Amino acid sequence: MTTEALQKLKYPIGTFKKPELITQDHITSWINDIEQLPSTLEALTKNLTKEELNWVYRPDGWTIKQVVHHCGDSHLNSIIRFKLALTEDAPIIKPYLENRWAELPDSTDDDLSNSITLLKGIHSKLTKLLKSLNNEELKREFIHPEHGKRFSLEETIGIYAWHSNHHTAHIKQALTHKGEF
């Protein structure tokens, strides 16, 4: 497989591109994408067999079940990051080693119900929080030490909307390729 083909499998919707100017339309659309993730993942995975849950979306990629469990882990971290930025002045957030988390027993479990339930709760709270933010709050920031930069909450909403769509595309891709990888 060519490097280009592998990159397309790795990033089926491309990478996140921050708009030059983030508008209220962007924010509204992104929050909608975030809000829809739990129901989208549940619909995509509710009737899958154990074999299908173990299909990967690319060579050396995560299984469908790891992707779902990862979304729970990642978005649990996201709500903490939003709340830290809203209650502290430019806090330094704690990164985590997502590839190692994806290998833990709770991330390789064939039962997705706990992660789906977790996502429903997190996204309900997160959506309520994000919809309440005013322009000043959207400009609040946290510092990500891994990237060595500040992220505004408005940009972070876009990143997590992209993240939601990115992993939804991974699951759809794994289903399309039916265990090919």
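Is Lys178 buried or exposed, and what is its relative accessibility? Before I answer, please note that the structure under discussion is a predicted model.

Lys178 counts as exposed, because its relative accessibility is 61%, and the cut-off for that class is over 50%. This lysine lies in the segment after α8. Its backbone also deserves attention: although Lys178 is not a glycine, its phi is positive, at about 45 degrees.

A second residue of this kind is Ala90, again a non-glycine with a positive phi of about 45 degrees. Ala90 sits in the loop between α4 and α5. With a relative accessibility of 22%, Ala90 is classed as partly exposed.

I turn now to helix α6, which comprises residues 113-132. Its 20 residues should span 28 Å at 1.5 Å a residue, and the 29 Å between its end C-alpha atoms agrees with that. Which residues of α6 are buried? They are Ser115, Ile116, Leu119, Ile122, His123, Leu126, Thr127, Leu129 and Leu130. Viewed down the axis of α6, these buried residues fall within an arc of 160 degrees, so they line one face of the helix. Their cover includes α2, α4 and α8. On the other side of α6, the exposed residues are Asn114, Thr117, Lys125 and Lys128.

Finally, I would draw your attention to Leu118, also in α6. Leu118 is partly exposed, with a relative accessible area of 32%. Together with Leu76 and Ile80, Leu118 makes a nonpolar surface patch of about 230 Å².

Technical notes
Residues are numbered from 1 along each chain as its sequence is written. This is a predicted model: local features need pLDDT of at least 70, side-chain atom pairs count only at pLDDT 80 or more; totals for chains, interfaces and linings use all residues. Side-chain values use heavy atoms; hydrogens and water are left out. Patches are made of residues with over 30% relative accessible area and no salt bridge: like charges are joined within 9 Å, nonpolar side chains (Val, Leu, Ile, Met, Phe, Trp, Tyr) within 5 Å. Accessible areas come from the Shrake-Rupley method with a 1.4 Å probe; for residues, only the protein chains shown count as cover. A salt bridge is a side-chain nitrogen of Lys or Arg within 4 Å of a carboxyl oxygen of Asp or Glu. Helices (H or I, at least four residues) and strands (E, at least two) are DSSP runs, numbered from the N terminus. Buried means under 20% relative accessible area, exposed over 50%, partly exposed in between (1.4 Å probe, protein chains only). The expected span of a helix is 1.5 Å times one less than its number of residues. The arc is that of the directions from the helix axis to the C-beta atoms. Contact means heavy atoms within 4.5 Å.
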